[in-house]
Amino acid sequence: MKKKLIGVFVCLLMITTILPITAMAGDENDPEITDNLNDQFGALITHLYRVRTIIARVLLQMDSFDFIDIDSAWFYENESEPDVLYATLKIKDLNTNPQRAIYSIHFTSNGVKYAVGSHLCNNEQNASCFVGVDKRINLNWKDAEATYDFVNNLITFKMNKTDIGDPQTSDPITKTFAWTALRFNFEPLSLLFSDGELVKDVAPFIENNDDYGRDYEILY
């Protein structure tokens, strides 16, 4: 009997060793999205010596744009909230600033592109959070929740699954990436610089259709 138990144990060990282990939920130690630090780009970084850039940097009075620099991002769920999907974005050095910082995570659910994001303005005096179909002009954004953890440099988004295509258990969340940007509080001024973003970061840097983070599988 003892030999049979040992044999069963060895077989189970071999099976678990051979079969691939699929991670269905990310966390800070195993995020779906990762990025290199100190890789922000945009007008205020690329064109350091242009007159407009110099004026903007003086007006902004910022020596660092680490609050735009993406470290990683991941999705997760709580069994007690089966109708909710969470997404957390980790920044190199999350801080408030007197201008407009934009933080967002993008993904595809049920074949449709969605985004969840937040604008943090006026040293945290004004903040908004939204979720919906990912397009440049969207008049139908839904309200979402954003929690800022300035100690651990984390922004956590809480969104209703009905606002992102109502994915069901085992449905994949695909084409994941994170995007951040800095604009003037009065956004039209930002249009004087390139595409309207003073500084920005993308993770991973999407150069073609294959450059995305890992998929996430809905648990509940």
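Helices (H or I, at least four residues) and strands (E, at least two) are DSSP runs, numbered from the N terminus.

Q: How many helices and strands does the chain have?
A: The model is predicted. Its chain has 220 residues, of which 44% are buried. The secondary structure amounts to three helices and 12 strands.

Q: What is the order of the strands in the open sheet of five strands?
A: Strand 3 (residues 84-91) is joined to strand 9 by seven bridges, and strand 8 (residues 145-149) is joined to strand 9 by five. Strand 1 pairs with strand 2 (residues 70-76) over two bridges. The pairing in the sheet is antiparallel, and the order is 1-2-3-9-8.

Q: Which strands stand at the edges of the sheet?
A: The order of the open sheet is 1-2-3-9-8. Each edge strand has a single partner strand, so one side of each is left without a neighbour in the sheet. The edges are strand 1 (33-34) and strand 8.

Q: Why is strand 9 largely enclosed by the rest of the structure?
A: Strand 9 spans residues 154-160. Buried here means under 20% relative accessible area. Strand 9 is largely enclosed because the number of its seven residues that are buried is five.

Q: Which residue stands opposite T156 of strand 9?
A: Strand 9 runs antiparallel to strand 3 and also to strand 8. Opposite F157 in strand 9 stands A146. Opposite T156 stands T88.

Q: Which residues touch the most other members of the largest nonpolar core?
A: In soluble globular proteins, nonpolar side chains tend to be buried together. The largest nonpolar core here has 42 residues. Those touching the most other members are L89, Y103, I105, F107 and L182.

Q: Which residue of strand 2 is the bridge partner of I33?
A: Leaving aside neighbours within four places in sequence, the contacts of I105 include I33, A73 and F157. Strand 1 and strand 2 pair in the antiparallel sense. In strand 2, the bridge partner of I33 is A73.

Notes: Residues are numbered from 1 along each chain as its sequence is written. This is a predicted model: local features need pLDDT of at least 70, side-chain atom pairs count only at pLDDT 80 or more; totals for chains, interfaces and linings use all residues. Side-chain values use heavy atoms; hydrogens and water are left out. Buried means under 20% relative accessible area, exposed over 50%, partly exposed in between (1.4 Å probe, protein chains only). Two strands pair if DSSP finds at least two bridges between them. A nonpolar core is a set of buried Ala, Val, Leu, Ile, Met, Phe, Trp, Tyr and Cys residues joined through side-chain atoms within 4.5 Å. Contact means heavy atoms within 4.5 Å.
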